[in-house]
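Me: I have a structure open and want to get to know it. Can you walk me through some of it?
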Amino acid sequence: MGTSFGRGGATTFQQDLQNSDCIVIQGSNMAECHPVGFQWVMEAKARGAKLIHVDPRFTRTSALADAHVPLRAGSDIAFLGGIINYVLGNEKYFRDYVVPYTNASVILSEDFRDTEDLDGVFSGLNPDKRSYDHTTWQYEGMEVQAASGQRDMEYEERVEAVAESGRGEAHGSGGAAIGEGDPERDPTLEHPRCVFQVLKRHYARYTPEMVERICGVPRDRFLQVCEMLTENSGRDRTSAFVYAVGWTQHTVGVQYIRTAAILQSLLGNIGRPGGGIMALRGHASIQGSTDIPTLFNLLPGYIPMPHAHTNEDLDAFVQGESAKKGFWGNMRAYTVSLLKSYWGDAATEDNDYCFDYLPRLTGSHSTYETAMAQIEGTCEGYFLMGENPAVGSANAKIQRLGMANLDWLVVRDFSQIESATWWKDGPEIESGEMRTEDIGTEVFFMPAAAHTEKDGSFTNTQRMLQWHHKAVEPAGDARSELWFMYHLGRIIRRKLAGSADEMDRPLLDLTWDYPTHGPLDEPDAEAVLAEINGHDADGNPLSSYTELKGDGSTSCGCWIYCGCYAGGENQPARRKPGKDQHWVAPEWGWAWPSNRRILYNRASADPDGKPWSERKAYVWWDAEEGKWTGHDVPDFIADRPPDYEPPTDATGPDALAGTDPFIMQADGKAWLYVPAGLMDGPLPTHYEPQESPFTNPLYKQQRNPVRQLLAPHPGNRYGPSGAEPGADVYPFVATTYRLTEHHTAGGMSRWQPYLAELQPEFFCEVGPELAAERRLENGGWATIVSARAVVEARVLVTERMRPLTVDGRTIHQVGLPYHWGPNGYSTGDAANELLHLSLDPNTHIQEAKALTVDIRAGRRPRGAAAGALVREYQERAGITDETGTEV
């Protein structure tokens with residue numbers, strides 16, 4: 001969504017779903033995985049909205065839907081692309097919105113070649129380096145924009161370095177930069193190279209018949225969805241899309257979301273009440289974890305982490321990462337204010353505000369590359385905080401092998417999770433592959449405080465910060481993350497005090513002076529919030545990121561959070577009841593940016609500034625007052641009139657016209673076509689998953705050609721696909737999912753007796769037909785084998801898992817909840833043992849939602865026999881290190 005609209009967060013908020021006329025939930029089982037938020041879907045349904053659930057399984061969400069559409073896991077782009085084809089072919093798009101607010105009219109370079117021209121790949125593919133040169137993807141009339149952060153390298157080197165390090169998450173709060181100049185446009189949308197016409201050609205082959213062939217969705221059911229969605233979109237009606245990790249966890253996960261973004265832009269559903277795309281986050285603060293962040297290649301507020309290449313000072317970094325147009329043009333103010341927050345008085349203009357103190361990227365350091373680096377011996381120590389990779393990450397065996405090769409491992413958690421005990425009770429100990437006495441890793445288990453035992457904030461699924469107050473003191477030695485990191489830093493700084501080594505200056509110069517309180521010397525969480533919010537030269541709290549300066553006079557720990565402590569008040573702690581304010585409820589918590597609840601809401605008004613309809617009025621231009629007003633904080637320059645045309649030499653926010661609603665984009669428009677910012681294509685294209693029983697019927701290209709594959713390892717083999725020899729050894733599709741009763745890898749829930757009683761064992765869901773074919777008995781045992789591992793599960797035979805007819809043959813799917821491991825009250829094998837490490841090239845997220853397996857009756861072998869069974873399958877399938885690795 002960052003490359004489509006300018007920010008990676010949800011465009012709307014859950015309460016606004018009540019205003020939708022149609023809601024499509026795809027890639028999510030919202031009723032069970034986000035049950036509190038699902039109340040707003042039910043509010044919409046009570047008001048007459050249509051609810052569509054697209055999912056391989058029939059779930060509680062499906063049971064409440066007007067239409068449930070079962071489809072093959074891994075085929076969502078074909079399904080959504082078919083809807084785009086329907087919208088374009090039947091002229092169901094909202095033309096009055098599309099022409100001024102999207103890049104539909106922009107003309108592309110003559111050199112661009114689409115998948116239609118190159119049988120499934122785009123121009124610029126370098127198969128040897130598994131990367132794209134984006135030069136030919138640019139707009140006509142623009143100079144080519146160099147790849148982000150790499151301006152002082154030769155282009156070939158830039159492409160390789162960026163591909164290795166990944167920049168997909170960098171667009172969480174600012175779209176990708178584009179070249180200099182003014183692109184050529186055709187407002188009639190008739191030029192053969194304009195984005196609109198390229199889009200029509202690209203999706204022309206995504207017909208209802210092709211959707212049925214790829215997805216297994218009957219033609220009439222598909223057309224029913226098309227009609228429901230388009231009938232409820234336009235000037236007077238709006239539809240919303242809701243997704244979760246069912247979309248993100250694929251080798252083309254980013255492109256799944258991009259397809260929905262194209263569709264919602266064509267229908268005019270972005271920035272409007274009852275519209276948008278709701279990205280459901282699984283944890284209370286997953287959104288905050290990317291905002292502040294925990295991602296390796298970002299600084300707070302989605303400022304890209306600098307690369308370890310030569311001669312890049314602060315000015316070069318700002319010039320390379322800024323956009324000429326829009327609020328991302330203020331990169332210097334955001335970056336300098338962050339550096340001042342980190343290093344305070346030590347950060348001066350003379351030393352580039354300590355820009356050289358920042359770490360530098362040397363490549364991709366995602367969790368999976370880190371595991372491989374552990375195996376290789378180049379990563380020697382590891383902190384685990386709130387993660388349980390020994391059962392929760394893809395290909396859990398690789399994670400355990402990596403941890404077994406560390407010098408030290410620090411685990412902070414509530415309970416003795418598998419990532420703290422694998423060295424004595426992990427699967428490799430049971431099988432004899434590893435012996436405890438041979439493992440040299442020193443493991444430190446540090447008990448963690450629960451959220452009820454500490455102050456702090458959550459940033460939830462709709463970008464909203466909510467404060468939680470400590471209810472009780474943590475028991476025993478349990479401590480909060482804030483306590484742990486603050487005191488660890490304090491001790492390290494004390495040990496380094498007086499050091500003359502320049503390598504120690506970044507640590508010694510840090511602002512590390514938080515007040516503490518209570519018997520445990522707990523740091524004041526509100527003081528941290530105030531630092532994140534930022535202050536001016538006199539120490540006064542800032543109210544908005546528009547107040548940030550690039551001259552060192554302001555400090556701000558995360559520019560998109562600026563305003564969360566406005567007036568010295570803890571804005572996230574506000575709890576004004578809904579009955580005492582209007583429906584947007586701006587005084588409950590605080591949402592970034594600037595407490596806006598619907599992003600891009602300038603698009604809720606027409607180019608003249610008037611609401612598209614009274615029924616869907618949200619933000620509009622008040623000519624008498626000379627400002628934008630409405631039900632929400634306008635996501636626009638407050639006093640910029642609709643008819644404003646910027647000077648040709650304007651930059652940054654000053655370059656935004658009065659009809660540029662997407663203020664974080666380099667051209668102020670929603671991008672139907674992405675000329676820069678993605679690793680794997682300017683338009684979403686259907687590719688088969690890394691492992692698939694089918695050959696791609698759309699193109700010769702089977703898989704995403706630039707998907708990220710890690711270095712070959714015997715524990716991470718890939719299965720053959722389609723018509724390849726041996727593919728029939730793994731004939732079924734498996735998909736993973738979560739349950740209401742358990743939380744992610746189970747560290748919090750499997751230790752609760754009442755939750756363990758509700759969901760006592762790992763199980764698999766299969767349809768009656770598959771059960772009969774493989775003689776599986778309800779309540780009995782099944783053995784499930786992938787190209788990497790074998791697990792066992794209790795069998796749940798259910799008609800919720802329906803066989804599909806795909807490409808002329810029947811396909812069965814197996815459902816696997818992923819919450820289990822050997823520890824706690826509720827135990828079982830971990831579903832993630834089966835997964836491979838094939839990743840989305842933009843975000844480095846694993847493909848957990850579609851893989852091939854075999855399933856058979858009975859319990860799995862124990863000890864060395866388990867590995868022997870996996871190898872026997874590999875031999876029958878003819879698997880080698882090269883299987884599945886071709887471009």
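This is a predicted model: local features need pLDDT of at least 70, side-chain atom pairs count only at pLDDT 80 or more; totals for chains, interfaces and linings use all residues.

Me: OK, in β11, which residue is the bridge partner of tyrosine 382?
Reply: Leucine 409 is the bridge partner of tyrosine 382.

Me: And in what sense do β10 and β11 pair?
Reply: In the parallel sense, over 5 bridges. Strand β10 covers residues 381–385.

Me: How many bridges are there between β11 and β12?
Reply: There are 6, and this pairing is parallel. For instance, tryptophan 408 has glutamate 442 of β12 as its bridge partner.

Me: Why is β11 called largely enclosed?
Reply: Because 5 of its 6 residues are buried, the rest of the structure largely encloses this strand. The strand runs over residues 408–413.

Me: Now the surface. Which residues form a nonpolar patch there?
Reply: Phe383, Trp408, Phe444 and Met446. Together they have about 340 Å² of accessible area.

Me: Where is methionine 446?
Reply: In strand β12, residues 442–447. Methionine 446 has 32% relative accessibility, so it counts as partly exposed.

Me: What about the sheet with β13 in it? What's the strand order?
Reply: The order is β13-β14-β17. It is an open sheet of 3 strands with antiparallel pairing. β13 (456–459) and β17 (590–591) stand at the edges. Each has a single partner strand, so one side of each has no neighbour in the sheet.

Me: How many bridges join β14 and β17?
Reply: They pair over 2 bridges. In β17, alanine 591 is the bridge partner of methionine 464.

Me: Helices next. Which residues of α15 are buried?
Reply: Leu314, Phe317, Val318, Gly320 and Glu321 are buried in this helix, which spans residues 314–321. Seen down the axis, the buried residues fall within an arc of 165°, so they line one face of α15.

Me: Why would residues a few places apart end up pointing the same way?
Reply: An α-helix has 3.6 residues a turn, so residues three or four places apart point the same way.

Me: What covers the buried residues of α15?
Reply: The cover includes β9 (303–304) and α16 (331–343).

Me: Switching to charges. How many salt bridges does the structure hold?
Reply: It holds 41. One of them joins glutamate 765 and arginine 57, with the closest N and O atoms 2.6 Å apart. That pair links distant parts of the chain, 708 residues apart. Glutamate 765 is in strand β22, while arginine 57 is in the loop between β2 and α4.

Me: Are those two buried or exposed?
Reply: Glutamate 765 is buried, and arginine 57 is buried too.

Me: And how far apart are the closest N and O atoms of arginine 360 and aspartate 356?
Reply: They are 3.6 Å apart, in a salt bridge. Arginine 360 counts as partly exposed at 26% relative accessibility. Aspartate 356, at 58%, counts as exposed.

Me: Last one: where is glutamate 833?
Reply: In the loop between β27 (813–817) and β28 (838–839). Glutamate 833 has a relative accessible area of 10%. Buried means under 20%, so glutamate 833 is buried.

Me: What is it in contact with?
Reply: Leaving aside neighbours within four places in sequence, the contacts of glutamate 833 include Ala390, Lys397, Arg400 and Val791.

Note on methods: Residues are numbered from 1 along each chain as its sequence is written. Side-chain values use heavy atoms; hydrogens and water are left out. Patches are made of residues with over 30% relative accessible area and no salt bridge: like charges are joined within 9 Å, nonpolar side chains (Val, Leu, Ile, Met, Phe, Trp, Tyr) within 5 Å. Accessible areas come from the Shrake-Rupley method with a 1.4 Å probe; for residues, only the protein chains shown count as cover. A salt bridge is a side-chain nitrogen of Lys or Arg within 4 Å of a carboxyl oxygen of Asp or Glu. Helices (H or I, at least four residues) and strands (E, at least two) are DSSP runs, numbered from the N terminus. Buried means under 20% relative accessible area, exposed over 50%, partly exposed in between (1.4 Å probe, protein chains only). The arc is that of the directions from the helix axis to the C-beta atoms. Contact means heavy atoms within 4.5 Å. Two strands pair if DSSP finds at least two bridges between them.
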